[in-house]
Amino acid sequence: MQFKKTSSPYLHNNQNISLVMLQVIYALIPGILVYSYFFGWSILVNIILACLTAVASEALMLLLRKRPLAFFLRDNSAILTACLLALALPTLAPWWLIVIATLFAIVVAKHLYGGLGYNPFNPAMVGYVVVMISFPQYMTQWLQPHAGLDLSQALQYLFLGELNAAISLDSITSATPIDSIKTGLSLNQSISEISASPLFGFWGGAGWEWIAAAFLLGGLWLIYRGIISWQIPVSLLLSIVVMAGIFYLADPQQYSNPLFQLFSGGTILAAFFIATDPVSASTTPKGRIIYAVGIGALTFIIRTWGGYPDGIAFAVLLMNMAVPTIDYYTQPRVFGASGK
Amino acid sequence: MQSKHKLFNFHGGLHLPGHKEISTGQAIGDVFIPSRLVLPLQQHIGESSEATVKEGDPVLKGQIIAKANGYVSVPLHAPTSGTVSQIIEQPVPHPSGLSATCIVIKPDGKDEWIDLDSSADYRQMDPSALRNRIRDAGIVGLGGAGFPSFIKLNPGAKTAIDELIINAAECEPYITCDDMLMRERAEDVINGIRIMKHALQARRCLIGIEDNKPEAHAALKDACSKLGIDDIEIISIPTLYPAGGEKQLIKVLTGKESPSHGLPLDVGVVCQNVATAAAIYQAVTYNKPLISRIVTLTGEGIKQPGNHEVLIGTPVDEWITYCGGYHDSIKRLVMGGPMMGFNLGTDKIPIIKTSNCVLAFGEGEADAQEQQAMPCIRCGACMDVCPAQLLPQQLYWQAYARDFDKIQDYNLFDCIECGCCSYVCPSQIPLVQYYRFAKTEIWALERDKKKSDRARLRHEFRLERLEKEKKEREERMRKKKAALKTGKDEKTKDSKKDAIEAALERVREKQKKSQTQTKNIDNLSAEQQKKIDDIDARRNQEQKDSTS
């Protein structure tokens, strides 16, 4: 009898990229639901628009690059990028802002670098930074909690850029809590004065703290499932807590407390979902810790002293750049190598 | 005997579905004599044996048919009585699927032994005599690698052996031959271990057995108490693939790490397989050579899975037919386990000393390699499970880029090819295949390099010689020039005149010589003179013709 020949091992745990990406998307769902509870339909509409753009541009790039279309579209990676990007962008955003950011993420940051697995930079963060630098005025329009728009209003704003005459944009939007601290401090207000504003909740931004908690839940589930390793989220969050803690203890009226730093902005989302993107992150156990501590430290620095409202995107991209060097110098000790 | 023993962990590893129950249901099957036995001369690591019989020779069971060739080699014995029908190239069990020289024996059915020496007591034999006996019995490591066992029992006078470790882990799924051996022949195993311990003068002896084999564990324990032995520790270790890897098992039992490019011997440990122990017992005590072994036949593609004692050289197809044949669902045939074994392209291949399992996968049973691979997403799952603590993903990139220098910086040769990385890869990349490819390429490069080194040496020697000659020539020229120059300065004219004079003198001398010298046209005989005249006449005539 003759048989087909292949190489061992012949067993596999049946894990695949498509399933991995899908589980990360599932883990985002609680956060997305809480988000839309506080801020209405806009976020859902944004996510759908970003996903459609991502899948279309992914398909186009695969065709141009003569790659098997169905095979790669099934991997769900473009959809995950789109979800993360939509969650990072402001809730009230014009359609073209979302489309440009997504196109940049998929076309430039992903496919022009070689597609899945070859991008040195986190695609979602590249897309975010491009629109952040190009259209800064649109990046500050954040809805106030429970000022949410219904579906028709959300669609109207998204595509026409206008609202009913009854609602003025100023009445429903505001700066983010992190941004307002920065502005307040520059006006010589103290932290306790600034945090008296209704923008602030129990320990983070009003509404945002609960969204962050929901993302935390999803993130912990991912660690439990073994989809992400603990090193990146834990060290990223710890480094922010330590840095914020030192400055908070030194001067509580000039620096916000560590808990606020954790539960506002995109800290939790970034720690569990963005910095953990395996392609652009460090892969060695020690390297992951260095990489994540770097992101945490840079985030705190940019937030506190930088010119942008939130520094996570820049921190992630900067550390992406350092990954090859980190990986090179943090190779684990090989079994039986001297110097245990 | 069985005390609380501190265990250690090795990095990574996998909890794999065992599938062991498929083949442990029935006792070890009897030996059967096939219609032909195909015995490759190379069944072990080292030099292949050298045939001592020729076609047509009658052989008896246990007779040497090929002798050891060099130190790292063992002899080969006839597994039954019969006639040597052929010595030819035949397909052998090897991943390459290539053929090699084999002695083919046609059994006569009498199964007649040669005269065996009377049985011996190992306690009366010194270690070197024991080793010779083990070597002469053709015993190699039966766990899979097939390294001649007597060499491992020869640590050298200077090395003290702290631990003799017996590998009873049998960590690969599906395989149960060691398990069944221990259940049924535990006393052979224990006796063999005592012989090895004696040969090595080891301080202690530990048997490492995975906790998924309670029956075998109990059998070993019973055998120890029956034989009144209390200096062998039987230690249950957690079932975690690849705990049966030599270096991993040593780590688990002793906490010692064999050096990255070294041997267990470097940390005072010798590791042997249980089946090897049983074979050594038979060889030393009864002088019986290694002519059969226990092999597992299992998988969904087999009608009656189980373990059998199989004569070395039995063709797999005949054996499987004898055992009831294939199911219709048979899809793929593997020699060895599902993680480290290799595909057989055909079943017309013999069982050899290192064959522990024949695995027939049915439809849908093991389709890992059927999937199309996605790009690596650097998730690091491979690194998390690697028992050698390597960075499989980096090794993959370097192999992919054919950077064979850098891949060695990432310690390619510490890879034991256990397959854990491929098992967990979400991109379904056949990682181990890349490492095997890189290893083979590097070996080939090293061979080429040795060859080209020789050529380069020759070339360099030639260049050196040419350079030397050139220098010598230049030196001569320089001396000549210098001589001329100094001449010019002092007595230019005189020397010129002298030179001319000398030259003229030489010419005169030459002329004088030529005049005095006899020429070949002097002293001619009449006949010769006539010939010359004729030729001259004809020449003149021809000249006239051509001018006219």
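Predicted model: local features only at pLDDT ≥ 70, side-chain atom pairs only at ≥ 80, totals over all residues.
Q: How far does the C-alpha trace of chain B span along its principal axes?
A: Chain B holds 14 helices and 16 strands; these are DSSP runs numbered from the N terminus, helices being H or I with at least four residues and strands E with at least two. Along its principal axes, the trace of chain B spans about 115 × 60 × 60 Å.

Q: Why is chain A as compact as a globular protein of its length?
A: Chain A has 16 helices and two strands. The globule rule gives 20 Å for 340 residues, and chain A is close to that, so it is as compact as a globular protein of that length, with a radius of gyration of 21 Å.

Q: What share of the residues in chain A is buried?
A: Buried means under 20% relative accessible area, exposed over 50%, and partly exposed in between (1.4 Å probe, protein chains only). For chain B, 49% of the 548 residues are buried. For chain A, with its 340 residues, the share is 56%.

Q: How many residues of chain B are in contact with chain A?
A: Contact here means heavy atoms within 4.5 Å. On the chain A side, 42 residues take part, and on the chain B side the count is 68.

Q: Which residues of chain B lose the most area to chain A?
A: The size of an interface is often given as the accessible area lost when the parts come together. Buried area is just that loss (1.4 Å probe), summed over both parts. Chains B and A bury about 4700 Å² between them, 58% of it on carbon and sulfur atoms. Together giving 15% of what the chain B side buries, the residues that lose the most are Met374(B), Ile377(B) and Arg378(B).

Q: Which residues of chain A is Tyr423(B) in contact with?
A: Tyr423(B) sits in helix H12 (residues 420–424) of chain B. Its relative accessible area is 9%, so Tyr423(B) counts as buried. Leaving aside neighbours within four places in sequence, its contacts in chain B are Leu14(B), Leu16(B), Pro17(B) and Met339(B), and those in chain A are Pro9(A), Leu11(A), His12(A) and Asn13(A).

Q: Is Asn191(B) buried or exposed?
A: Look for Asn191(B) in helix H4 (residues 186–200) of chain B. Not counting residues up to four places away in sequence, Asn191(B) touches Leu227(B) and Tyr281(B). With a relative accessibility of 17%, Asn191(B) is buried.

Q: How far apart are the mean positions of the positive and negative charges of chain A?
A: Lys and Arg count as positive and Asp and Glu as negative, while His and the chain ends are not counted. Each charge is placed at NZ of Lys, CZ of Arg, CG of Asp or CD of Glu. In chain B, 74 positive and 75 negative charges have mean positions 11 Å apart. In chain A, with 14 positive and 12 negative charges, the separation is 27 Å.

Notes. Residues numbered from 1 in each chain as written. Chains lettered and ligands numbered in written order. Heavy atoms only, no water. Rg over C-alpha atoms; globule rule 2.2 N^0.38 Å. Buried area = accessible area lost by both parts, 1.4 Å probe.
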